[in-house]
Amino acid sequence: MNRRRFLLQSLSTSLALPGLPSLMAKSVGGNSAVQAAKGAGAGAQRFVAIGNLLGYQTKSLFPTTTGRNYEKTTLLEPLWENRNHMTVFKGLDHGVKGGHFAVHSFLSGVLNSEAQNRPDGNVSIDQYLADEVGFETRFPSLTVGSEGGIHGGCQIAWTKSGVRVPPITGPAELFERLFISDSQERQARRVQENQVQASILDSVLEDANRLSRQVNKEDKDKLDEYLTSVRDVEKRLELRKRWASQPKPKAPFEKPANRNPVQDLPMLYELIALALQTDSTRIATLEIGGDFLPQDLGIDKSYHGLSHHSNDAEAIAHLITLEKYQIEHFGKFLTRLSKMQDGDRTLLDSTAVLFGSGMSDANSHKNTDLPIILAGGGYKHGEFREVPRDGINKVPLCNLFVDIAQRMGVETDSFGSSTGRFS
């Protein structure tokens with residue numbers, strides 16, 4: 001059994017689809033041939049989440065007036081032309097603590113250290129959706145970020161087994177995933193690998209089914225968990241076999257070069273937009289990490305150091321420059337999606353886009369009252385909404401995730417730390 005488990009772990013690693021994450025609108029038109037890619041699911045619901053490791057200056061983000069007549073703040077200014085396509089929320093969070101070490105709960109609502117006894121662990125909403133509906137596309141999900149910066153790189157996406165999904169780390173790699181097909185030799189080798197791996201799975205299942213008739217209830221529960229892992233690997237293998245012979249969409253431009261996280265951000269957004277448009281995936285995440293260097297915007301300071309500003313006016317001004325740059329390109333991404341047709345509506349209408357962070361104030365290490373913006377997805381937008389944050393009426397951020405999941409066609413009444421569906 002130990003040998004089988006080792007084989008399963010090795011197989012799971014080899015089969016797991018990765019992350020499975022100024023725009024180029026003038027280079028790729030809304031009616032590009034890319035749009036005619038095989039498998040395009042016009043009108044299908046999609047989900048994208050963008051997270052920041054170090055939060056935002058919420059005093060410069062949140063308005064003071066709720067409703068539709070909220071005022072333009074410093075950090076909302078780059079989004080102002082999209083205000084009718086988005087909702088700004090105040091008061092949403094997960095009720096967790098831990099500062100930098102709790103940021104990873106942004107899309108799960110659960111700390112990794114507290115996930116062991118939960119049926120779904122600390123699975124993030126993107127991976128939860130990928131498990132439920134991701135089989136319809138080549139990539140169940142795309143996780144884009146970096147492996148540099150503080151605390152070991154981006155940690156936005158987590159599987160049910162508590163494993164961090166490693167990110168696609170730059171536009172060159174993401175471009176290759178989306179548009180570069182394997183050579184014929186590599187395709188033949190993959191077919192051979194699939195056959196071998198399917199044989200191993202058959203053997204593993206045969207052993208496990210035989211054992212299930214011999215063990216007590218406690219061990220049977222453990223074996224059932226093991227079989228669930230085997231079935232997850234089977235699903236990944238079937239997905240890989242299904243897409244092995246299908247050509248990828250034709251690349252709309254030359255392969256981009258990796259430069260640095262600041263300069264690469266617009267291209268990453270563009271490639272995510274194309275991944276959605278070609279129906280290569282319907283679920284993606286992008287995390288802006290601690291290696292987003294201020295020096296690349298002409299600021300001779302460290303990002304992490306600036307985040308602990310101790311209310312120094314100059315440090316806060318530098319942070320706002322960094323954050324406005326990030327928000328500006330988020331706004332361009334929304335505009336890009338709004339100009340892409342998706343059947344009889346736009347891609348933005350079909351895509352719920354969540355923007356925010358698992359931290360509200362890095363200076364004081366707060367994980368409450370998170371900066372949250374939701375755009376697109378067919379929601380009624382145009383408001384600044386403040387929700388109850390205390391007592392029995394508190395609204396967890398995971399309630400919004402339940403709503404997003406249901407709109408994606410997933411039948412669930414709970415997720416993470418939810419108390420119901422967001423209304």
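Tutor: Contact here means heavy atoms within 4.5 Å, and the model to which this is applied is a predicted one. With that cut-off, and leaving aside neighbours within four places in sequence, Asp403 is in contact with Tyr379, Arg421 and Phe422. Asp403 lies in helix 10, and because its relative accessibility is 6%, Asp403 counts as buried, the limit for that term being under 20%.

Helix 10, which spans 397-407, is in turn among the elements that cover the buried residues of helix 2, and these elements also include strand 1 (46-52), strand 3 (142-144) and strand 4 (283-288). Helix 2, made up of residues 125-133, is mostly covered, with seven of its nine residues buried; the buried residues are Ile125, Asp126, Gln127, Tyr128, Leu129, Ala130 and Val133.

Turning to the cores, the largest nonpolar core has 62 residues, and Leu174, Phe330, Leu337 and Val353 are those with the most contacts inside it. Helix 6, residues 261-277, gives the most to this core, contributing eleven residues. Leu337, when residues up to four places away in sequence are not counted, touches Ala273, Leu276, Thr346, Leu347, Leu348, Thr351 and Val353.

A second, separate core has 35 residues, including Ala130, Ala157, Ile404 and Phe422. Of these, Ala130 is one of the buried residues of helix 2, while Phe422 is one of the contacts of Asp403.

Notes:
Residues are numbered from 1 along each chain as its sequence is written. This is a predicted model: local features need pLDDT of at least 70, side-chain atom pairs count only at pLDDT 80 or more; totals for chains, interfaces and linings use all residues. Side-chain values use heavy atoms; hydrogens and water are left out. Buried means under 20% relative accessible area, exposed over 50%, partly exposed in between (1.4 Å probe, protein chains only). Helices (H or I, at least four residues) and strands (E, at least two) are DSSP runs, numbered from the N terminus. A nonpolar core is a set of buried Ala, Val, Leu, Ile, Met, Phe, Trp, Tyr and Cys residues joined through side-chain atoms within 4.5 Å.
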